[in-house]
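Hi,

Here is the structure I promised to pass on. Have a look at it first, and then read my notes below.

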Amino acid sequence: MYTRTAFLNKRKCVGKEFDVKPEIFFLLPFDSKSGRSWDSNEVKMSVELDVFVGNTTIMDEEVYQLWLDGYTVNDAVSIRMKSGILEQFGTTEDVLESDTMDHYRTFQMTERLLHHPSKLVNQVLFQIPPHRQAMLIERYYAFDEAFVREVLGKKLSKGTKKDLDDVSAKTGITLKSCRRQFDNFKRVFKVVEEMKGPLVENVQCNFLLSDKLARDYAAIVFFANSRFETGKKKLQYLTFEDFAFCACQLIQNWTVGAVDNMVEDMDVDLDKEFLQDLKDLKILITDKDMLDQHKSLVCTGLRGKIQVFNEMEGNFKNLSRGLINIAAKLTNTKDVRDFFIDLVEKVIEPCKADRWLISDVRAFLTQYTNSARALDGFKHQAVWERYMCVIKSCILKMYHD
Amino acid sequence: MPGKLKVKICAGRHLPVMDRASDLTDAFVEVKFSNTTFKTEVYPKSLNPQWNSEWFKFEVDDEDLQDEPLQITVLDHDTYSANDAIGKVYIDIDPLLCSEAATVICGWFPIYDTIHGIRGEINVSVKVDLFNDLNRFRQSSCGVKFFCSTSIPKCYKAVVVHGFVEELVVNEDPEYQWIDRIRTPRASNEARQRLISLMSGELQRKIGLKVLEMGGNAVVGYLQCFDLEGESGLVVRAIGTACTLDKISNTSAAQLPACNSPSKEIKESPPVHPTSHGCRSTHNSPIHTASGSRLTQSFSVSVPTLIYTGMGSGGSAGKDGGHLKTLLRQQTQSALEQREFPFFTLTSFPLGFLIHAGGVVSARSVKLLDRIHNPDEPETRDAWWEEIRQEIKSHAKALGCHAVVGYSESTSICEEVCILSASGTAAVLNPKFLQDGCLDCYSENRLEDTSPPSCGFCHIPYDELNMPFPAHLTYCCNCRRQKVPDVLFTTIDLPIEAAVTGKGCLIQARLCRLKKKAQGEANATAISNLLPFMEYELHTQLMNKLKLRGMNALFGLRIQISVGENMLVGLASATGVYLTALPAPGGIQIAGKTPSDIAYEQHISNIQKKINDTISRNKELYEIHPLEISEEVIGSPIPEPRQRSRLLRSHSESSDEVSELDLSHGKKDAFVLEIDDADAVEDILSLLTDAPLPTGFYSCNTENMPGIHNWTSSIQMFTTVRVFRLNNVNVTNQGLNKCFNDLCENLLKSLYFKLRSMIPCCICHLNFTVAVPEDELIQVAATAVAMTFDKDQSQEILKSNTAPMKAISENEEQLQFPMELSSDSPSVQTFPPSKGTGLLENASPQTIQGTSRATSVDYSSFADRCNSWIELIKLKAQTIRRGSIKTTPSLDKASPLAEGHLRLRSTPSCTDSTVTVVKMTPLSFIPGAKIIKYLGIINMFFIRETTSLREEGGVSGFLHTFIAEVFAMVRAHVAALGGNAVISYIMKECVFMENSNKNQAQCLINVSGDAVILIRESEQEGVPIQTHGSTNQTPQSGGAPVS
């Protein structure tokens, strides 16, 4: 007797199925039995199954964003309803829910492909025009400013991931979205960590991101690798963009890649030799004569050119000590982490306290750098330039409210 | 040993991790054909293995080549235990057996596993060396081309349309064999997939043999279905139309003078082709001796069937209406009577093929399934179908027709009960296409109908005095020469030459009927008792809805009745249209039964008002303004009413005069609906619940959307499936109906919402398939395509009326046609020469055409000469025109593949993708593109099963993935054949079963279509007159960028 329901009962699992990995794509139990239902006269009807599959995969950017932001189907439906879409197209909530559900399913199916964007380009399951693919990838790897500021410089470990609920609570970003962003950071980090060649290019090639986004990821990877401290209260006023800029400066000037562009980790690790050489700069503060000479040269150069001349003159030795001490300590990994704190504490805060304008800071740092060249007995010009050009641009970038 | 199959396994990619220790896979490949197996080396520790094997050679019979699929299995090598299968690829090598189709299959195929779905891809190359087989008694039919499309394929012309071919093979279902108890679900699924693949191959080969026997070389409108009869077996059956097709070669035509130029092929989107003459008629269908004894063994109920003619009143066809056949009909009859079944699965025809369409004929019968004892002798099933076809044939006869077009067959099975259905459109065909004629004798058609093509098919084929049913006849509003019915229902596509007012729209009638659960014969009887009522109600619904839209004809009518354990579900879909030739439909009048009650009166008049409002709103929406337009049409120079031969018709003239007075629109009798009980009120209200189409949307279930011609190139094909559960067991018919109606409406609403970014657009070929998979479940599935069109142009065209444009295209169409006409004998009467010249002076193409086509029995030999002279002039004009259009024959040069890549590169893409973009459509054309080659039929059957339903996203997630996988596999196969599109794509079967408690589900999907190579129309020269514009070309070739 042919009974369609009977068929599955008949199925006995004889012989071991050799499932290697159950491929679980679906984390949300959105397809629960309690689907949509409506009453129609006395008959109750519920939707058991509802799918729509296009030959060209239909993807609504708005729904994609809601999905990326980690909203549940129900939340997404109510958000969409608030946008007035029902009235605009004269449709019902049912329809909207079905549409949202379809999209969520599609996105969840594409998600594992998005983890390896090169796979998305060569996959056969979804026919997606190239520009839509680019959009999907770009949006998937985009991150929230608030989130990245929480995680920047932290070790991308399981421990950090466990703390994401705190991050979620603090930033108001859904936990799901936080997880996605964290996993993105981690994935990119894992892939490019040990790669040869320039970091930005590696990110771009492997994840098919836009130039801007690739640079941001390079910064995130760089920060995560060196574990720079960015979360301290004093650093809170800094934006991700500030850090990304600084990271870029550091990558370009202080890493191994700045001198040799074909070594492993070239853009991720700071140039050890250079850090060692930085110790030599200590002479600028340890040698009393040189310190005085340096000060007088700077004062001469800046007299009448900055508004806070007196404050500068009075504070010169402290500032100089601060700058040189940062340089000298960079051989310690711990102190590398505190690089930005040190910059803020030793340079930016004292200047701010004396109400230096950014132009004053610029003039001072320029003069300070240049004057060192004229010092007798100072033989570390190359290291000095390499150090100061980064310090200068970082400080100037970070010098704001 | 007439063939050598060569297979090379190149590489794999994206393979799954099979060894968890290393996170890698040691993959190798088994290549199996028939009983021979080859293996590649193991490529160790890689997810992207490069086997680069030698060419594996199989020496096989061509019979096997046709039947067997090439089976490629990818495995993971395991030193200590059995090798694990990763997945399989079945490749149908049939396209390689036909010289005009593909020459090599080469590409990345998704590796498919029935439990895990797609698991990576494998790159395979396949070639076939065929040796000529001179054996006359061969079992193979290599070289016969198969087309799913129900019109003559674009780059061919039909030389002869032979007629109906059918075949059926049965086997035991592996799922129900004893061995299934001890094998894994995977093994069972694979056995089933392989068996169906094998049976499909066998079926196709057998049909091919029949075609060869008939002297044909192709099957058009090939429709293969399978019936899962459960314990009683598995039936794979197919029907089609045998034809002799000639390839229209672009190069040769450019050199040849006029008559065979293909340039029109480029221009015409809708499939109208010059064709065919005579036909060598042998047996179209084999004689299956239906042994009566067998038949009686199984229980069978034949259902009295309605004949839909649109006459409002159904009723079994009475007498044979052909007592007073015209000479014409007698002639054709004789040509067709030699055929057992003068059926055609085509839905659109070469110009002049269809003379009259009589109405829909359908037959259903309820059968009890019995185990098929001997698979080699599938007589029972054959006999069943034979019976149904006979019935259809007699219905057609009753309508005064000798043929059935747009013919299709279907089944619905529940437990051991099976409903067999067949339907088609009774028609009178042009004898010219059906006579034994030879190509060389250049001759005039002596038996032409007198009606212009824009309305001729609407004219009644039956005799007015001997009508098979009561009908209201009037003179044709277009030519005013012959009678037409007030409403016309057909299963075919709207003929391209038909004169239409306004736009068409999808009309659905939906119906649920409860049925008591029963077993065996009682069940079958109950069902067969219900069927006529359902048909009647569906028919009434269709009629009401048609009137409500102010339309007068239905095309593409498909009525599906599905049986479940406790209910029957009926769904009729059709495309409504206002045929200019038919009289304007009257409104709907509501009549109450008890006029005494004032409140009741009030209520009635309210409803009446609502209905009237709806009608006028609909007329606005579909741009039906018949008065103005009919004026234009009629105003165009129509030849004066000629001295028609009244020999046969004179006796009915008196009544004609009366009806002629009735021609004024709007004064027609209204369709009266009587409200006599609550049911009727309910029915009428439900009429009004059909939600209006959102602005910018149109929909139809046919190939052509009446009233829209200027398609832009953006298309989006989709499949949607919904399953609903009825939670309340104690339901009434009405509640059930309302529910079903709601769910269909909801599904439509969803589609409109999803596709909103494509506005203005039309959803074409929107055919719902309903099934009742379980007690309280209703499954609705649809595959359709949304196509955008140019709004401004459409309005313009509407204003200026479609007539001139259409006429020109018709004219072009005609070109080949006169050259091939076979004039046999001069006729009786004389034709004043002045008329001929007058017509020429008028120079309206339509007029010329009208006359030239209107050569009728009554014309003299002089008229014949005159006509051929007109044609000659026309030919010359055409040559000149064509000469100016065609400059260089550079059509075929660009390989579409290369072109595809080029296109990909030009778009801003992040990485060069290796995946070819493949367009899909259920229609036989893609707007803005020209089909330059047919690569063969795609006919694929997949089973997917899961034991981790929840993890895969529940039933919806499971099916969503599966449908996406099916699409992916179809696209991959097409791309491997060198194609870039699938046309006439349909999902013939989607059987879904689940057991949520066990976390299991299983689904079977069967799809088919024609793989083709397309090139964009803008890339060719000479597209002066276009029915579907190719503006707004998007850079993507992969359908619409829809957000």
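Which hand does the crossing of α18(A) and α22(A) have, left or right? It is right-handed (a crossing is left-handed if the near helix is turned anticlockwise from the far one by less than a right angle, and right-handed if clockwise).

Before the rest, some ground rules. This is a predicted model, where local features need pLDDT of at least 70 and side-chain atom pairs count only at pLDDT 80 or more, while totals for chains, interfaces and linings use all residues. Residues are numbered from 1 along each chain as its sequence is written, chains are lettered from A and ligands numbered from 1 in the order in which they are written, and side-chain values use heavy atoms, with hydrogens and water left out.

**The helix pair in chain A**

Two packed helices are described by the angle between their axes and the distance between the axes. For α18(A) and α22(A) the angle is about 115° and the axes are 12 Å apart; axes here are lines fitted to C-alpha atoms, for helices over the stretch in contact, and angles run from 0 to 180 degrees between N-to-C directions. Helices (H or I, at least four residues) and strands (E, at least two) are DSSP runs, numbered from the N terminus. On the α18(A) side the meeting residues are A:L323, A:I324, A:I326 and A:A327, and on the α22(A) side they are A:W384, A:Y387, A:I391 and A:I395 (contact means heavy atoms within 4.5 Å).

α18(A) covers residues 309-329. Its 21 residues reach 29 Å from first C-alpha to last, close to the 30 Å expected at 1.5 Å a residue (the expected span is 1.5 Å times one less than the number of residues). There is also a kink of about 60° in α18(A), centred on A:N315; the bend at a residue is the angle between axes fitted to the seven residues ending there and the seven starting there. A:N315 is also one of the buried residues of α18(A), and A:F316 and A:L319 are among the others (buried means under 20% relative accessible area, exposed over 50%, partly exposed in between, with a 1.4 Å probe and protein chains only). The buried residues pack against several helices of chain A, including α17 (288-302) and α20 (339-353).

**A sheet in chain B**

Chain B has 21 helices and 33 strands, and 65% of its 1043 residues are buried. Four of the strands make an open sheet with mixed pairing, in the order β30-β32-β33-β31 (two strands pair if DSSP finds at least two bridges between them). β30 (919-920) and β31 (929-946) of chain B are at the edges with a single partner strand each, so one side of each has no neighbour in the sheet. β31(B) runs antiparallel to β33 (residues 1000-1016) of chain B, joined by 16 bridges. In that pairing, B:T946 is opposite B:A1001. Helix α2 (residues 185-214) of chain B packs on the sheet, where it touches β31 and β33, and its direction makes about 145° with that of β31(B).

Most residues other than glycine have a negative phi, and most peptide bonds are trans. Where does this model depart from that? The bond from B:I759 to B:P760 is cis, with omega near -5°. A:R227 has a positive phi of about 55°; at 29% relative accessibility, A:R227 is partly exposed. Phi of B:H14 is near 55° as well, and B:H14 sits in the loop between β1 (3-13) and β2 (27-33) of chain B.

Cheers
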